[in-house]
Amino acid sequence: MRIIMKHLVGVIYFSALILLVYCRNGSEYLIGVGSYDMTGPAADVNMMGYANLEQKTSGIHFRLRARTFIVADASNNNNRFVFVNLDAGMASQLLTIKVLQALHSRYGNLYNEENVAISGTHTHAGPGGYLQYVIYSVTSLGFVKQSFDAIANAILQTIIQAHNNLKPASIFINTGEVKGGGINRSPSAYLENPAEERARYDSNVDREMTLLKFVGEASGKSIGSFNWYATHGTSMSRDNKLISGDNKGVAARLFEDFFSSPSTITSTLPPDIGQLVKKARGIKASGGHECSKERSQEAKVRKNDGSLFVAAFCQSNVGDVTPNVVGAFCIDTGKPCDFNHSSCNGNDQLCVGRGPGYPDEILSTKMIGERQFITAWKLFESASEELRGKIDYRHVYVNFTNIQVKLENNKVVKTCPAALGPGFAAGTTDGPGAFGFQQGDTKINPFWKHLRDLLKKPSKHQVRCQSPKPVLLSTGEMFDPYPWAPAILPIQILRLGKLIILSVPGEFTTMSGRRLREAVKETLISNGNGEFDQDTHVVIAGLTNTYSQYIATFEEYRQQRYEAASTLYGPHTLSAYIQEFNKLARAMAKGEKVAAKGPSPPDLSSQQLSLLLGPFEESPPKGIKLGDTKQDITLPKRGYFSKGDRPSATFWSANPRHDLLTEGTFAAVEMLQGKKWLTIHDDDDLSLFFKWKLDNSSLHGLATIEWEIPNHAISGVYRLRHFGASKTSGTSRISYFTGTSHAFAVK
């Protein structure tokens with residue numbers, strides 16, 4: 001009996017020890033990740049970012065995705081937060097409102113405005129029309145429901161996926177420097193900041209990437225990674241018309257593919273090129289024919305079953321950081337642009353930044369993406385510091401148009417209604433704006449003043465309040481047909497152990513971001529009774545929950561370059577942010593709730609105007625079927641293609657707005673495996689391009705599929721396939737079609 005009792009005590013002790021170790025080593029958090037296709041209309045819709053009326057979607061470089069992680073306290077499941085990263089220009093207040101409503105319908109109060117953060121990567125190559133304020137929808141001809149629905153659905157689906165995937169997991173944190181990922185595009189404004197402040201930093205941009213690594217407890221398998229690093233999504237230029245996640249989207253695609261290895265196809269055909277050519281010659285184009293919608297989804301290389309590794313490259317204090325790292329040059333002379341105004345002999349349109357792959361913007365996009373991916377992978381592989389501690393969050397709405405701000409010298413100042421200066425109209429070296437404006441303009445010529453006053457003459461209070469910014473558009477005083485700019489903004493702090501995430505609804509410049517991070521950290525340490533210390537790590541999640549343009553420092557504001565001219569709420573905007581974030585930080589440090597959630601932002605969905613016409617019904621020329629080739633692949637004289645070549649085929653097609661083929665593909669590369677054709681690339685791959693246009697002579701739709709054969713391609717027989725959707729004449733019925741090119745050999 002004594003032996004049995006001794007054994008039983010030993011078993012209990014050992015079990016308790018195992019339980020203690022398990023709790024200490026992994027059960028502190030539950031983690032779930034998710035990803036979903038949010039690619040919007042690939043034709044006719046103005047892209048969000050450059051405000052270029054001529055930049056309308058005309059195909060896909062690679063697909064856009066929403067990526068999410070949810071972290072929950074394993075001992076209290078209700079204590080959790082959600083972070084969503086969108087391959088989009090920015091978050092949208094209307095998106096946030098509608099997604100929160102959908103989450104409430106499904107989960108009750110589990111997910112709400114306090115613990116959900118929705119952030120944008122700031123790609124300038126995604127469809128626009130999904131924001132609710134007039135200033136952000138002028139070039140998209142108002143609200144574009146299809147754009148909005150694609151993003152809203154993707155956010156909801158990826159949160160559902162992450163929610164369903166919640167499991168015990170460990171979180172590791174690491175930081176490191178990204179080399180060659182960005183430079184300051186407004187260096188003269190940065191120099192306006194105090195010399196003693198600048199001397200504390202070795203660069204006029206933040207090079208640090210902060211990365212989280214998620215590892216499943218039971219399997220020991222890595223399930224995802226999110227990181228924050230500041231560089232603009234402007235590697236793709238204002239002339240680009242292909243939907244693209246830009247450099248951060250490239251980085252995410254490279255990380256996910258490197259981790260998941262989507263293709264394991266090997267050659268089953270004889271390696272002799274002569275035999276491959278002979279085999280290919282006997283396989284003709286299929287001709288167009290009907291298919292099911294699911295056929296396009298079945299052709300996807302990466303099947304989204306919820307098990308895929310998720311990598312997100314999130315945005316930070318990106319305001320003055322450009323990925324065009326070679327610098328800005330005059331396109332007429334090749335000389336560097338004017339330092340203070342980023343113009344060429346007074347012409348802002350001639351000053352354009354160059355990426356590392358100049359003049360190939362797709363190459364530049366890939367190179368900047370690779371630089372972020374390489375850093376992220378190294379940090380991921382070497383991450384050894386495990387995050388532990390509280391999950392917490394604070395959120396408040398603030399009317400930024402009239403905040404009383406107490407400065408360090410006890411002087412009380414106020415913010416202003418939103419306004420834009422002439423430097424805004426000048427654009428940046430990433431995308432020059434309108435002719436006749438320069439960055440740093442402090443006067444408005446009579447012609448533009450007259451046009452401004454026809455829209456809305458700024459009040460005397462506004463002119464005084466915004467000084468030294470001359471008011472070109474007093475958007476905060478413009479309400480016809482509905483508000484032109486936001487007044488009420490959400491600010492939010494998320495805590496994950498020692499990591500503090502500041503959700504900001506705009507683009508902080510480098511120095512603005514540094515000041516905000518330092519202020520919040522200091523507040524946490526001084527009010528936290530030892531709970532926070534110098535190891536507390538603060539990151540900024542830019543363009544989150546809504547969008548309110550830029551936040552420059554008081555000193556940068558004086559020069560009125562683009563970022564300052566786009567700082568909506570006047571010269572004390574940054575001070576207001578610091579004050580209001582400090583209130584949240586103080587409440588978090590003391591374990592107190594926020595006194596009041598503040599005034600809710602408006603839901604303007606019922607007031608939105610939509611001027612974009614829907615896609616027309618299409619039928620191909622007589623005797624032609626949708627999916628037939630108009631121009632089949634042209635073979636080189638040698639009879640086969642090599643790595644680096646770009647075979648392409650053009651198909652009779654219909655407007656891709658008829659169906660977005662969400663989680664499907666418009667284009668595919670198929671490889672012959674025995675007697676079967678298997679998809680090895682789709683339109684979510686960096687090597688495959690889907691381009692759509694109207695034929696100038698017949699006004700029929702044409703889809704061109706172009707494949708840049710990668711270096712890792714296997715010798716074999718291939719063909720290109722197109723999927724599409726059309727609207728049946730006189731009905732609302734959507735039908736689906738497909739067709740292939742003739743086969744070709746690759747050596």
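Biologist: What separates Lys583 and Glu580 in helix H16?

Modeller: About one helical turn, because Lys583 and Glu580 are three residues apart in helix H16, which covers residues 573–590. The model is a predicted one.

Biologist: How do you know that Lys583 forms a salt bridge with Glu580?

Modeller: The closest N and O atoms of Lys583 and Glu580 are 3.3 Å apart. A salt bridge needs a side-chain nitrogen of Lys or Arg within 4 Å of a carboxyl oxygen of Asp or Glu, so the pair of Lys583 and Glu580 at 3.3 Å counts as one.

Biologist: Are Lys583 and Glu580 buried or exposed?

Modeller: Buried means under 20% relative accessible area, exposed means over 50%, and partly exposed is in between. Lys583 has 44%, so Lys583 counts as partly exposed. Glu580 has 8%, so Glu580 counts as buried.

Biologist: Why is Asp683 with Arg63 called a salt bridge?

Modeller: The N to O distance between their side chains is 2.7 Å, and the cut-off is 4 Å, so the pair qualifies. Asp683 has a relative accessible area of 0% and is buried. Arg63, at 1%, is buried as well. The structure holds 40 salt bridges.

Biologist: What does the salt bridge of Glu670 with Arg721 tie together?

Modeller: The closest N and O atoms of Glu670 and Arg721 are 2.6 Å apart. Glu670 is in strand S28 and Arg721 in strand S32, so this pair links parts that are 51 residues apart in sequence. Both residues are buried.

Biologist: How do you know that Cys330 and Cys344 form a disulfide?

Modeller: Their S to S distance is 2.1 Å. The rule asks for cysteine sulfur atoms within 2.5 Å, so this pair passes. With -100 degrees about the S-S bond, the link is left-handed. By this rule the count comes to three disulfides.

Biologist: What makes the disulfide of Cys337 and Cys351 right-handed?

Modeller: The torsion about its S-S bond is about 110 degrees, so that disulfide is right-handed. The sulfur atoms of Cys337 and Cys351 are 2.2 Å apart. Cys337 lies in the loop between S15 and S16 and Cys351 in strand S16, so the pair ties together parts that are 14 residues apart in sequence.

Biologist: Which disulfide involves Cys416?

Modeller: Cys416 is joined to Cys465, with sulfur atoms 2.0 Å apart. Cys416 is in the loop between strand S20 and helix H10, while Cys465 is in helix H12, so the parts tied together are 49 residues apart in sequence. Numbered in sequence order, the bonded cysteines pair as 1-3, 2-4, 5-6.

Biologist: Why are S7 and S26 called edge strands?

Modeller: The open sheet of seven strands has the order S7-S2-S3-S30-S31-S27-S26, with antiparallel pairing. S7 and S26 each pair on one side only. Two strands pair if there are at least two bridges between them, and two bridges join S2 to S7, so S2 and S7 count as paired. Met47 has Pro127 in S7 as its bridge partner.

Biologist: Is Leu454 buried or exposed?

Modeller: Exposed means over 50%, and Leu454 has a relative accessible area of 61%, so Leu454 is exposed. Leu454 sits in helix H11. With Phe447 and Leu451, Leu454 forms a nonpolar patch on the surface, with about 310 Å² of accessible area together.

Methods:
Residues are numbered from 1 along each chain as its sequence is written. This is a predicted model: local features need pLDDT of at least 70, side-chain atom pairs count only at pLDDT 80 or more; totals for chains, interfaces and linings use all residues. Side-chain values use heavy atoms; hydrogens and water are left out. Patches are made of residues with over 30% relative accessible area and no salt bridge: like charges are joined within 9 Å, nonpolar side chains (Val, Leu, Ile, Met, Phe, Trp, Tyr) within 5 Å. Accessible areas come from the Shrake-Rupley method with a 1.4 Å probe; for residues, only the protein chains shown count as cover. Helices (H or I, at least four residues) and strands (E, at least two) are DSSP runs, numbered from the N terminus. Buried means under 20% relative accessible area, exposed over 50%, partly exposed in between (1.4 Å probe, protein chains only).
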